[in-house]
Amino acid sequence: MPKADLFEVQLDRARPLLPMAVVVQRQVASRAAGVAFTAPGEQGRRTLVEAVAGRGEELVAGRVDPTRYELPLADEVESLGGEVPPPLDRGGLLSLEALCRRIDAALLGPDETGGVDIEWAQDAHHVLHVLQARPVTRA
């Protein structure tokens with residue numbers, strides 16, 4: 001028993017044991033990965049996507065320049081700089097946009113003006129995986 005818990009037992013102030021949650025995720029062999037940020041826009045919700053080929057570790061560490069997209073898409077897919085060829089095609093971007101909208105709706109209420117930060121990966125079969133998602137907080 002940890003000393004702090006033993007001390008509280010000796011003082012007759014024992015706390016109930018709290019269960020611990022553990023998340024186990026399958027490793028994704030990603031062909032593309034990145035982050036997406038949802039935010040309010042002038043014409044509804046918008047999503048900024050940063051994507052790289054392969055794993056997103058280099059992107060999250062700030063060691064590579066990602067390909068950037070702003071969604072919703074216009075008729076033409078136009079990246080805002082980055083890798084050539086871009087890591088996501090139009091179909092991948094449309095799927096990611098739909099996924100981001102579902103996560104945004106689930107994590108934020110209808111009257112919230114904030115956004116959501118989503119880390120994602122796309123596997124070799126072009127299936128999208130959410131690695132983590134959380135509301136964007138302000139300091």
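**Close-up 1. The polar contact between histidine 129 and aspartate 123.** In this predicted model, the side chains of histidine 129 and aspartate 123 are joined by a polar contact of 3.0 Å. Histidine 129 has its place in strand E5, and with a relative accessible area of 16% this histidine counts as buried, because the limit for a buried residue is under 20%. When neighbours within four places in sequence are left aside, the residues in contact with histidine 129 are Arg26, Val28, Glu119, Trp120, Ala121 and Asp123.

Close-up 2. Five strands form an open sheet in the order E3-E2-E1-E4-E5, and their pairing is antiparallel. Strand E3 (67-71) and strand E5 (128-135) are the edge strands, each of them pairing on one side only. On average, and with direction ignored, neighbouring strands of this sheet are turned by 20° against each other.

**Close-up 3. The pairing of strands E1 and E2.** Strand E1, which covers residues 30-41, pairs with strand E2, which covers residues 44-53, in the antiparallel sense and over ten bridges. Within this pair, glycine 41 stands opposite glycine 44 in E2.

**Close-up 4. Helix H3 across the sheet.** Helix H3 (residues 90-107) lies across E1, E2, E3, strand E4 (116-123) and E5, and runs at about 35° to E5. The helix has 18 residues and reaches 26 Å from its first C-alpha to its last, which is close to the 26 Å expected at 1.5 Å a residue.

**Close-up 5. The buried residues of helix H3.** Gly92, Leu93, Leu96, Glu97, Leu99, Cys100, Ile103 and Asp104 are the buried residues of H3, and what covers them includes E1, E2, E3, E4 and E5. An α-helix has 3.6 residues a turn, so residues three or four places apart point the same way.

**Close-up 6. The largest nonpolar core.** This core has 17 residues, of which Val49, Tyr69, Leu88, Leu96 and Trp120 touch the most other members. Two or more residues are given to the core by each of the elements E1, E2, E3, H3 and E4, and the largest share, five residues, comes from H3.

How values were computed:
Residues numbered from 1 in each chain as written. Predicted model: local features only at pLDDT ≥ 70, side-chain atom pairs only at ≥ 80, totals over all residues. Heavy atoms only, no water. Pairing = 2+ DSSP bridges. Helix = DSSP H or I, 4+ residues; strand = E, 2+ residues; numbered from the N terminus. Axes fitted to C-alpha atoms, helices over the stretch in contact; angles between N-to-C directions. Contact = heavy atoms within 4.5 Å. Core = buried A, V, L, I, M, F, W, Y, C linked by side-chain atoms within 4.5 Å. Buried < 20%, exposed > 50% of the residue type's maximum accessible area, 1.4 Å probe, protein only. Polar contact = N/O pair within 3.5 Å; in protein donor to acceptor, adjacent residues only side chain to side chain. Expected span 1.5 Å × (residues − 1).
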